[in-house]
Amino acid sequence: MWIAGLAILLFVAQSIAAQARPDSFSDLAKKVSPAVVNITTSTVVAGRTGPQGIVPKGSPFEDFFREFQDRNGEGDAPRRTSALGSGFVISEDGFVVTNNHVIDKADEIKVEFFSGVELDATVIGTDPKTDIALLKVESDEPLPFVNFGDSDAALVGDWVLAMGNPLGQGFSISAGIVSARNRALSGSYDDYIQTDAAINRGNSGGPLFNMDGDVVGVNTAILSPNGGSIGIGFSMASNVVTRVVDQLKEFGETRRGWLGVRIQNVSEDMVEAIEGLDAAEGAMVTDVPEGPALEAGMLAGDVILSFDGKKVEDVRGLVRQVGNTDVGKAVRVVVLRDGGQKTLKVTLGRRETAENTGDAPETEDAPEAIEKEILGLTVTPLTDSMRSELGAADGTTGLVVTGVDEASTAYEKGLRAGDILTEASQQKLTSVSDLEDRIDEAREGGRKSLLLLVRRAGEPRFVALNIEE
């Protein structure tokens with residue numbers, strides 16, 4: 001009997017699984033199509049501004065080449081160009097979401113609905129960082145619209161539908177699955193859903209639907225060697241888009257939180273060099289210019305472990321956490337410093353208006369100009385003339401790398417002549433003896449690596465250098 005019961009349960013489970021695979025997407029397509037739009041933009045561009053003298057003036061071929069240029073649109077008169085994209089309506093009063101690159105620099109924007117109705121659109125706001133734009137159309141009647149879904153609930157393997165205007169062919173739908181999650185392309189706030197649903201030029205700005213008809217992504221980019229779909233498309237996750245859209249709707253611009261630090265990822269070789277650090281997690285603070293973090297007492301060399309109660313995995317995660325936090329909010333930031341944890345309370349500024357100009361320390365007397373080779377590096381104290389030559393900020397102190405042994409670990413770690421070593425073991429360097437003292441202290445403490453703060457062209461980064469050589 002129990003075998004028969006088990007067989008029945010397996011049959012029911014298989015039936016449910018079969019029902020999860022739709023035989024057709026037609027009902028879903030019919031439901032969401034009225035809210036998906038084609039977007040046409042036009043822009044006036046200047047006429048030819050390049051060299052005019054293709055043939056010498058007065059040549060018998062002058063008239064011929066002038067006619068050739070005119071036939072090919074190369075005259076001096078301004079001309080109008082057009083571009084195509086996609087979008088979708090998110091409210092009955094006419095708010096439309098698309099990609100920023102679809103409408104960027106456009107003079108005119110027209111939105112065409114599935115019914116054939118065409119309306120003029122105005123730009124409410126744009127966010128180039130996530131490539132999202134919010135438009136508005138006016139209509140006497142309530143417009144069909146779709147809702148955003150929870151992109152975090154979209155799992156790898158789930159069915160999705162992409163809809164839009166591929167290659168200018170008009171309304172089109174393609175089906176696929178979620179191929180991967182949390183993809184990053186080039187932006188600080190990227191959170192892309194990768195899909196194999198066909199996405200081509202013209203699909204940009206169109207929606208990616210789940211099986212409930214909710215938008216879980218905005219189709220933005222493809223990876224392709226030929227410009228066409230090869231099954232690797234990227235849609236900006238709806239949970240990123242909704243926050244951007246809300247701010248554009250309220251303010252006409254984005255307002256992201258700003259912590260005011262320069263940071264880098266913690267590498268595996270830094271773990272042994274930093275007291276109290278157990279794993280390559282968190283974000284290492286390389287510089288603290290004037291801003292919220294400085295006012296809260298954060299220091300270069302701190303490792304940010306948590307932000308506003310959430311664990312910091314890496315730089316990308318911290319940037320997104322900070323950017324998604326309200327401007328003016330006071331948050332608790334836990335940092336690792338001198339082997340122990342310290343909690344700082346930071347009131348966030350606004351990233352868009354932040355000025356990264358740090359306070360320069362008082363200039364110290366130039367130390368004796370000596371040169372010495374240490375750990376594969378030839379170093380000498382930084383002088384005023386060197387500071388100016390290397391583009392370092394006024395008041396910067398440290399050791400200048402004048403040479404690097406190409407067979408050394410330092411060279412493998414990317415250190416080069418012209419780099420400035422400003423700290424070792426999170427202590428300032430002003431002389432060669434300071435560096436030697438830090439190396440001795442690290443060895444006496446049983447550490448195998450020394451943490452150096454290195455500046456190149458004004459940009460700081462930490463390097464953990466092996467001291468066993």
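This is a predicted model: local features need pLDDT of at least 70, side-chain atom pairs count only at pLDDT 80 or more; totals for chains, interfaces and linings use all residues.
Is D131 buried or exposed? At 14% relative accessibility, D131 counts as buried, because the cut-off for buried is under 20% relative accessible area.

D131 belongs to the loop that joins β5 (118-127) to β6 (132-137). Its backbone is worth a look: phi of D131 is near 60 degrees, a positive value in a residue other than glycine. Most residues other than glycine have a negative phi.

Q426 also has a positive phi, near 65 degrees, and is likewise a residue other than glycine. Q426 is found in the loop between β24 (420-424) and β25 (427-428). With a relative accessibility of 26%, Q426 counts as partly exposed, because this value falls between the 20% limit for buried and the 50% limit for exposed.

The secondary structure comes to 11 helices and 27 strands. The chain has 469 residues, and buried residues make up 45% of them. Of the contacts between residues at least 6 apart in sequence, 63% join residues that are at least 24 apart. The chain exposes about 24,000 Å², and carbon and sulfur atoms supply 49% of that area.

The surface also has pockets to consider, and the second largest pocket has a volume of about 400 Å³. This pocket is lined by 21 residues, of which W258, V261, R262, V319 and R351 are the closest to its centre. Several elements take part in the lining: β13 (257-258), β14 (262-265), α8 (315-323) and β27 (459-466) each supply at least two residues. Which of the elements gives the largest share of the lining? That is α8, with 5 residues. Sorted by class, the lining of the second largest pocket has 12 nonpolar, 6 polar and 3 charged residues.

Key: Residues are numbered from 1 along each chain as its sequence is written. Side-chain values use heavy atoms; hydrogens and water are left out. Helices (H or I, at least four residues) and strands (E, at least two) are DSSP runs, numbered from the N terminus. Buried means under 20% relative accessible area, exposed over 50%, partly exposed in between (1.4 Å probe, protein chains only). Contact means heavy atoms within 4.5 Å. Accessible areas come from the Shrake-Rupley method with a 1.4 Å probe; for residues, only the protein chains shown count as cover. On a 1 Å grid over the protein atoms alone, a cavity is a set of points where a 1.4 Å probe fits but cannot get out, and a pocket is an open set with protein on both sides within 12 Å along at least five of seven lines; lining residues have an atom within 4 Å of a point. Grid points are joined across faces, edges and corners, and a volume is the space filled by probe spheres set on the points. Ala, Val, Leu, Ile, Met, Phe, Trp, Tyr, Cys and Pro count as nonpolar, Asp, Glu, Lys and Arg as charged, and the others, Gly among them, as polar.
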